[in-house]
Each structure stands twice: as C-alpha cells, then as structure tokens.
Amino acid sequence: GDILDDYLRTDGVWILTRNKQFYKTNNEKECAEKCEAERNFTCRAFLFTRKKLQCLTLAENAKMTVAFPSTDTVLYEKIIYLTQCKRGIGTDYRGTEAKTQRGIPCQKWAEKTPHKPNYTPEKYPNAGLEENYCRNPDADENGPWCYTTDPAKRFDYCAIPECEDQCMQCNGEDYHGELSRTESGLECQRWDAQEPHMHGFILKHYPEKDLRMNYCRNPDGELRPWCFTTNPNKRWEYCNIPRCTTPPPVSGPDSQCLSGKGEDYRGRIAITESGNVCQPWNTQFPHKHGWIPDRYPCKGLQENYCRNPDGEKKPWCYTTNSSIRWEYCIIPPCDRTEQGIAGMNNVPVQAPLTEECYRDKGQSYRGTTSVTASGKQCQAWSSMFPHRHIKTPDMFPDADLRDNYCRNPDGDSSPWCFTTDPNTLWEYCNLKRCDDHTQE
C-alpha cells in the first residue's frame, strides 16, 4: 500500500515540538520515508510545507503538544501512535497507558528500580519501550504489560481496550474494519460493483454505513457483518468477526419515553395499543421469531417490554394472543411539542381515508392501507426484518415508501408490500380499483 496510508493527514496545522529534524524533499511521500528512517528519535509525525518543499520529522504528535493554524502546511501523524486500543495481543500497541489494570503506575523501561528489567530499550529497540508506557515486547498472549512501581509486584498487565475495527460490539453495526472474506473463505464483492450480484447497498444511498471497498459491513441490522460474495452461486454470507471483550461504549441515557422512533426506549410498558399482553422476547410461544436477546445484546430485549430493534416507526412487541403476531405499543412522548411537529410528517392514527382504492397500476396510490389480500400485516419499507430487500425509501424517493403502507414502487400490476410473516416475502394488498363499481 501507499506509505501515507499509515498516517492521519490534517491540513493547515503546525505543532510545537522540541525534537525535530529538517530535510529538503519534493513531496509528502519522501518526507514519510525520512520519518520512517529517522534515527535521532522516535518519529511520530512530520510537517510538510508545500511552498518551501520543507520536511520536518517530529518526535511528538498533536496529542502530546500544542497545535495551532498554519497555512500551506500539512501535518501527518502516525496512526499507530494515536491509537489507544490494541489489535490482537497488542505487540504493536504504542499508546500512552502507563498504569496496570489495578491502577499501579508503571516503572520506566530504562530504569532499574524497584525492579531490574529483562526487557530494556537497548535490548529491544523496536519494541517501543519508551517512558513507562504499557507494551508487549515478548508477545505475551495476555496483552500489553509493564514492570510496576510496587516493590512487591514485579509486573502486571494493563487494561487496554480492543480496537473496534478488529472486533465487533453489539451486532457489528459500527464495525469499520478491513476484513473482506466471508466465514467460509469467499472473497467479498465490492459494494460499488453490481457483478456477480446486483444489489441496492450503494454508498450514496447509505453514506453513514461506510460501504468502502469490499469490507464486511452490517448496513441493515443483520445478526453480524456480512458481504455479497464474488462467487456467482453464493449471493451473500456472514463474516467471521470476533465479539469485543470490552463492553460497548455508553451512548447516552436510556429513554423511558418515546423520542423519534423509540429505538432507545428502555421503559417497562408491555401492553400493545389494542390491549394485548406482550410475549417475552426469550420465548418462542405463541409466536416463533428471530429476535433472541442473546443474539442482539444491545437492543434491550428484556422481559416482554415493548422495543424497537428493527427501525419500525415506533416500539412494538409480539403478543400473547396466538391470532395476532405483533402490534405497536403506546409509549408516552418525551416532548409533546416535539412529537406534534414530528407528527406532521406522519399520517395520524385516525387519518381520513383519502384514497383507499387505486387507479391504473396503483403507482400513484398514497393511502394508508397496510394489510395484504390474505390479511397479513405489511413490513415497514425501511425495515429489513423479517425480509431483506432493496425497495427502500432511499432507493425509490418518489414512491412515498412511508411506514408500512401499501405501495407500487416498481410498476407491478397493483400495490403490494413485504409481509411480517417470515414465510411470506410479499403479497398484493387488500385494495380495489377506483372504477370497480362493486365497491361503495
């Protein structure tokens, strides 16, 4: 790869540093080569000035010193020295953690008290044994460690979190690593390619999903990251990414009321809007389903409380009524003013039946029917559960794919929808033509 791939670039920034060396170079790559070859100190960054073609190799980076604006200057910092997490057993960890997992300060690697070290900067010049930072010079399976300043404790391990791009939190929705093979060893298809498999997961339609190159991703709330494969006979497959051992970061307080779609709702309401008691998430009776709490550890699937794990329009649950698979719940709004404004973008619960019949093929139908001809409930267009599909609001912006209302985005013979029945992908809707005289 490109030598600059190992650096983080920041335009228009200068940093104050004591240890530096001046070089004359023609471009940034030559400056990076000077940084790699630097022997006067550990080179953590370099500054390149375009007009003067001047290169400064630096011992410090922006985390260690003061930065200020400077036009015509580009700062390149080695990513390895900015990273405060470990990959695997952390032999390449170069962060600045300097205390053990029990909070005892580390002894400096160059010092001989209170413990005489076997691993020193002189003996292991490439192991990053600077100051008293946690390191793993002997490839210990338990990760980075250090000699301690406690005379009674020669060494101990450090609590270094694992890097998110080497493991996954929750179901890997935020995984940004570079694994590009499936669990059976198949190479992934690039997201910007449509061969051998056509699909709708295009970067411009999912800008926040990081669909780069052919890296494994989870853009649709699947069980774990996956990709389309380069094998024409295998459309897609999961990737084998380990779960992080460190707990996921806290994103904010759990909500006890309805905000937005209620995806962060963690209250204890367990009754649907029609009065049915919710089925516990960890049971499969009376309804079998795939939302098993152990599989989705960050969705809050506790007891039988109403939740929104799949991006529906509001929290819901499976019911204990064997004839009603699932229903929405009534959750009190956090801010009625906010809810009132948001409600203007949605069809009210008691919406007037403006057009409950369709003309021609029904591509102009904008009614609120959400039941199929056989009586099945429609799946929301923005949801990928229980059926994954490419008929999303982003892909068909003019088709009015709101909530789970029947629509005809693809020129079929009449309005239709995906169903919430895992065994039935889609059905036409319970609608008649406007010129059908049998309808009142």
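Predicted model: local features only at pLDDT ≥ 70, side-chain atom pairs only at ≥ 80, totals over all residues.
The lining of the largest cavity divides into five nonpolar residues, one polar residue and three charged residues.

## Cavities

A search of the whole structure finds two cavities of 30 Å³ or more. The largest cavity has a volume of about 90 Å³, and its lining is made up of Asp310, Glu312, Trp316, Tyr318, Arg325, Trp326, Phe385, Pro386 and Thr420. In the lining of the second largest cavity, two residues are nonpolar, one is polar and three are charged.

## Disulfides

A disulfide is a covalent bond between the sulfur atoms of two cysteines. The count for this model comes to 13 disulfides, and the table sets out some of them, with the distance between the sulfur atoms and the angle about the S-S bond.

| Pair | S to S distance | Angle about the S-S bond | Handedness |
|---|---|---|---|
| Cys170 and Cys298 | 1.9 Å | -85° | left-handed |
| Cys257 and Cys334 | 2.0 Å | 105° | right-handed |
| Cys378 and Cys417 | 2.0 Å | -75° | left-handed |

In the disulfide of Cys170 and Cys298, the sulfur atoms are 1.9 Å apart. Cys170 lies in the loop between strand 7 and strand 8, while Cys298 lies in the loop between strand 9 (236–238) and strand 10 (316–318), so this pair ties together parts of the chain that are 128 residues apart in sequence. Cys170 has a relative accessibility of 17% and counts as buried, whereas Cys298, with a relative accessible area of 29%, is partly exposed.

Cys257 and Cys334 form a disulfide with their sulfur atoms 2.0 Å apart. Because Cys257 is placed in the loop between strand 9 and strand 10 and Cys334 in the loop between strand 11 (326–328) and helix 3 (336–343), the pair ties together parts that are 77 residues apart in sequence. Cys257 counts as partly exposed at 22% relative accessibility, and Cys334 counts as partly exposed at 38%.

For Cys378 and Cys417, the sulfur atoms are 2.0 Å apart. This pair links distant parts of the chain, with Cys378 in the loop between helix 3 and strand 12 (416–418) and Cys417 in strand 12, 39 residues apart. Both Cys378 and Cys417 are buried.

## Salt bridges

Side chains of opposite charge can pair when their charged atoms come close. A search of the whole structure finds 21 salt bridges, and a few of them are described here.

Arg44 forms a salt bridge with Glu130, and the closest N and O atoms of this pair are 2.1 Å apart. The two residues belong to distant parts of the chain, 86 residues apart, since Arg44 is in the loop between helix 1 and strand 3 (45–49) and Glu130 is in the loop between helix 2 (79–82) and strand 6 (145–147). Arg44 is buried, with a relative accessible area of 9%, and Glu130 is buried, with a relative accessible area of 13%.

The side chains of Arg224 and Glu183 meet in a salt bridge at 2.6 Å, N to O. Arg224 lies in the loop between strand 7 (155–157) and strand 8 (226–228), and Glu183 lies in the loop between strand 7 and strand 8, so the pair ties together parts that are 41 residues apart in sequence. Glu183 is partly exposed, with a relative accessible area of 43%.

Glu36 and Lys78 form a salt bridge in which the closest N and O atoms are 3.7 Å apart. Here the pair links distant parts of the chain, with Glu36 in helix 1 (residues 28–37) and Lys78 in strand 5 (residues 67–78), 42 residues apart. Glu36 is partly exposed, with a relative accessible area of 37%, whereas Lys78 counts as buried at 12% relative accessibility.

Salt bridges also link Arg366, Asp400, Arg402 and Arg407 in a network.

Methods
Residues numbered from 1 in each chain as written. Heavy atoms only, no water. Salt bridge = Lys/Arg side-chain N within 4 Å of Asp/Glu carboxyl O. Helix = DSSP H or I, 4+ residues; strand = E, 2+ residues; numbered from the N terminus. Buried < 20%, exposed > 50% of the residue type's maximum accessible area, 1.4 Å probe, protein only. 1 Å grid on protein atoms, 1.4 Å probe; cavity = no way out; pocket = protein on both sides within 12 Å on 5 of 7 lines; lining within 4 Å. Points joined across faces, edges and corners; volume = space filled by probe spheres on them. Nonpolar A, V, L, I, M, F, W, Y, C, P; charged D, E, K, R; others polar. Disulfide = S-S within 2.5 Å.
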